[in-house]
Amino acid sequence: MPLPYSKKLIELFMNPKNVGEIENPDAKATEGSPACGDMVQIFLKVDPETKRIVDIKFKSYGCASNIATASIVTELAKGKTLEEAKKITWKDADRELGGLPPVKVHCAVLAVDALHTAIENYEHQHGLLKEKKPTDKEKVIKRLKHVIDPRKGLDVIRTKLVKDVEVENGVVRVYVDMEEDEQYAGNVREEIIERLEPLWDVKKVEVIFK
Amino acid sequence: MNELKKVYLDNAASTKVDDRVLEAMIPYFREFYAVPSSEFSHSPGIQIKEAIENARESIAKKIGAQAEEIIFTSGGTESNNIAIKGGAYGQIDNGKHIVISAIEHRSVLESAKRLAKEGFELTVVGVDEEGFIKIDELKKAIRKDTVLVSVQFVNHEVGTIQNIKEMVNMVKSINPKIIFHTDAAYATGWIDLNVKDLGVDLLTLTAHKMHGPKGVGALYIKKGVKITKFIDGGFSEFNLRGGTPNVPGIVGFAKAFEILSKDTIEYVKGLRDKFYEKALNEIEEVRLNGARDFEKRHPNNLNLSFKYVEGESVVLYLDMKGISVITGSACFSRTLEPSYILMAMGYSHEDAHGSVRFTFSKFNTPEEIDYTINVLKNVIDTLRRLSPLKGE
Ligand SMILES: Cc1ncc(COP(=O)(O)O)c(C=O)c1O
């Protein structure tokens, strides 16, 4: 092989499994951003009785490892119960692929994160949380650490794009250090809303620009 | 089983040696292997010295220089090292400030950075979104103590050709003592170079991007320009570079330069233009990176970004189909940083990730262009179907 990839990885990259979107998914999640070069979206259909993942699909923007890891993670998760699927780690994906080059490990982390976030979103929206902790500032910030600042390729908390967060009676207000008419403002708003809306007690997300 | 087609489209990195070049070189391995020497020697040594001097003469003529203004080196990297470091130290009595552009080859960039560590001051001049150096910024960068300016002739990634003559005139009108260097490694053979017309003091050449051998290049040093010697060990190359010269390489270099014809260049341009036209016709949302005016672009260079997809995937997929190209994507680099050249051109990370460089040569055929476009169209379709950015 000319590049430091296993046969399996190349095979999955050329012929990925479970590609596409699910219409009206029971849950979905996005991790990464084009700004950092990798982005994965995962869509789930879950059997409400058995809590099994009956269908799972992905979309991916990124390098070969990114596409192959997303493919393998969807294969590992398909047919498993949510509890079982939560136990899948990036190491499982890495092992199945015959070992990723060290600089590409983040791709596996990204795909597994997307799976776990999608499952968590499902739990929030279907009353499956074991303890219903009310959403607070800390939880919001934890989630926003997965939203990428499109100008810098780093998360919006690190780049201080998000200046402040307020949580009040199910309404989350996120104050953003960006003009509303800036090129990326629409994307930032969308991604913040997508991150926070699934939380079980959040009724409304407001993104407030400068 | 079908033999996998091999299509090499990375000719800005290096090229296949022409058979005539190889044949010219072989005797200098088999028969004429003595150490070159001009006097007080045996006849084989003198004969080989003659071969080197003929090559020097021939290469000098190609760029409008005198033979004694050309020194042979181990390639573009060494020539750039000698030019930047030797040039700056050679003029140290006049000051310690140097100026380069943001999109120089690493051999210029890192030589300049080393000088900055050694007490020189470095100013890096920016470029516009097509990769042209901002002339006003260059003008503002010139100071009383500036001793050396280095701006590449043509960019190896996006193919943009700079207006070196204009820059030399501007710099020299401020201070004629400033030494102007241009890295013409990627231009060698491809683009007309006349040192007198350009007015440069130093100019870098390399052999292997025009079907010559690797590991040999030259530096033009205008008569009277002081260069500090770094490779000690003898008086060769006008006492500027010690060491036994790479005789077969030098002979091959001159041969390659001689045989690269206008017709060849027109042929390659034709392939490149055909490829671009087909890419635009058959694939949607393609962006051209680098100079839009093809007269200001290296004849073999095309650099494209495909919206919604990432470059490393494209490169790997093409590689699986036997097609060799490179990308400016971060995923392709060990550091996971996108191309510093595209970033200097003001690209967003996302746009830099999508860039793919296609560089052609006389060994490519129109059939290869058709094949590559077909594969490329499929790759881009497939990856876009996968991409969460498409159809949002
Ligand atoms: C613009 C430019 N400068 C310098 C070099 C270095 O030349 P060489 O490979 O001969 O050291 C190259 C190519 O590698 C180049 O493209």
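**View 1. The interface of chain A and chain B.** In this predicted model, 30 residues of chain A are in contact (heavy atoms within 4.5 Å) with 25 residues of chain B. The two chains bury about 2300 Å² between them. Buried area is the accessible area (1.4 Å probe) lost by two parts on being put together, summed over both. Carbon and sulfur atoms carry 68% of it. Phe13(A), Met14(A) and Tyr61(A) lose the most area on the side of chain A, together 26% of what that side buries.

**View 2. The salt bridge between the chains.** The rule finds 1 salt bridge across this interface. It asks for a side-chain nitrogen of Lys or Arg within 4 Å of a carboxyl oxygen of Asp or Glu. Lys104(A) pairs with Glu312(B), and their closest N and O atoms are 3.5 Å apart.

**View 3. The ligand and its surroundings.** Residues around the ligand (a heavy atom within 4 Å) include Gly75(B), Asn80(B), His105(B) and His208(B). The side chain of Asp183(B) has an N or O atom 2.6 Å from a nitrogen atom of the ligand. For Thr206(B), a side-chain N or O atom is 2.7 Å from a ligand oxygen. Lys209(B) places a polar side-chain atom 3.0 Å from an oxygen atom of the ligand. The protein covers 86% of the 390 Å² of accessible area (Shrake-Rupley method, 1.4 Å probe) that the ligand has on its own.

**Notes.** Residues are numbered from 1 along each chain as its sequence is written, chains are lettered from A and ligands numbered from 1 in the order written. Local features need pLDDT of at least 70, side-chain atom pairs count only at pLDDT 80 or more, totals for chains, interfaces and linings use all residues, and side-chain values use heavy atoms, without hydrogens and water.

Conventions
Polar contact = N/O pair within 3.5 Å; in protein donor to acceptor, adjacent residues only side chain to side chain.
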